[in-house]
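Hi everyone, thanks for making the time. I'd like to walk you through one model today, so let me put it up on the screen.

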Amino acid sequence: MSTSEAATVIPVYDVAPGQGAPSKAPAAAPPSAAAAAPAAAATTTTPRKFPMRFFRRSDRGSRCMAFLDFLLRIAAFGPALAAAIATGTSDETLSVFTEFFQFRARFDDFPAFLFLMVASAIAAGYLLLSLPFSAVVVLRPQTTVLRLLLLVCDTVTIGLLTAGAAAAAAIVDLAHSGNERANWVPICMQFHGFCRRTSGAVVASFLSVFIFVLLVVLAAFSIRKR
């Protein structure tokens, strides 16, 4: 064999026969494109988040009852405050013959009227302080802790206000009618202004008690429904 003959070169490929020429290695992506690829993938794969609805249709009935509770507290505040003011300003003085000889009727001379004024003032202050809590229940009707707290406080307040109104009602009836067996004459024949104001305070306090009863029943029904 001579050295002048050309050597035959047989190309060897790392592929099976019939699969064509070997594929070239993929070119490296530029850094900017490589950085943008994960961001694009994250953008496409991240699920869209919808804002949670603050109001639910299922809480519509509870919200209506909470709003009614808020309105009843506003309605009860007026009579309670009026009862406290009317009792505290019920003093009356009568001048007989001369200005140096006077008869005077004061509410603090009767412990029942003093008790009514304090109880009405406490009830009015409590109703005013409970309005923000009632507003929170309107916005969040699913909360049961605030409803239970208001129910307990309403029950205590209604007991205090009922006791004051009942005690004052007995004194008002005695001032209007007197007591023949005890020889107590009715003083309302002379002290018209005093009896008018104290009688109005008793009526206003009982009206506030009635609204408190509605509040307690409504709160108990709402808690039982939850």
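First, some ground rules. This is a predicted model, where local features need pLDDT of at least 70 and side-chain atom pairs count only at pLDDT 80 or more, while totals for chains, interfaces and linings use all residues. Residues are numbered from 1 along each chain as its sequence is written, and side-chain values use heavy atoms, with hydrogens and water left out.

Now the fold. The protein has five helices and two strands, in the order α-α-β-β-α-α-α along the sequence. Those are DSSP runs numbered from the N terminus: H or I of at least four residues for helices, E of at least two for strands. Of the 226 residues, 30% are buried, meaning under 20% relative accessible area with a 1.4 Å probe, protein chains only.

The unreviewed UniProt entry places "transmembrane region" at residues 70-90, 110-136, 148-172 and 201-223; such annotations may be inferred rather than shown by experiment, and the positions are in the numbering used here, with feature names shortened. In the model, residues 148-172 are 100% helix, with end C-alpha atoms 36 Å apart. Residues 201-223 are also 100% helix, and their end C-alpha atoms lie 33 Å apart.

So where is the cavity, and which residues line it? The lining consists of M65, A66, D69, R73, S134, V137, R147, L150, L218, A219 and S222. Helix 2 (60-88), helix 3 (111-139), helix 4 and helix 5 (192-225) each give two or more residues, and helix 2 gives the most, with four. By a cavity I mean a set of points on a 1 Å grid over the protein atoms alone where a 1.4 Å probe fits but cannot get out; lining residues have an atom within 4 Å of a point.

One of those lining residues is D69, which lies in helix 2. D69 counts as buried because its relative accessible area is 9%. Leaving aside neighbours within four places in sequence, D69 is in contact (heavy atoms within 4.5 Å) with S134, L215 and L218.

The other aspartate is D154, in helix 4 (residues 145-177). Is D154 buried or exposed? It is buried, because its relative accessibility is 0%.

Notes
Buried < 20%, exposed > 50% of the residue type's maximum accessible area, 1.4 Å probe, protein only. 1 Å grid on protein atoms, 1.4 Å probe; cavity = no way out; pocket = protein on both sides within 12 Å on 5 of 7 lines; lining within 4 Å.
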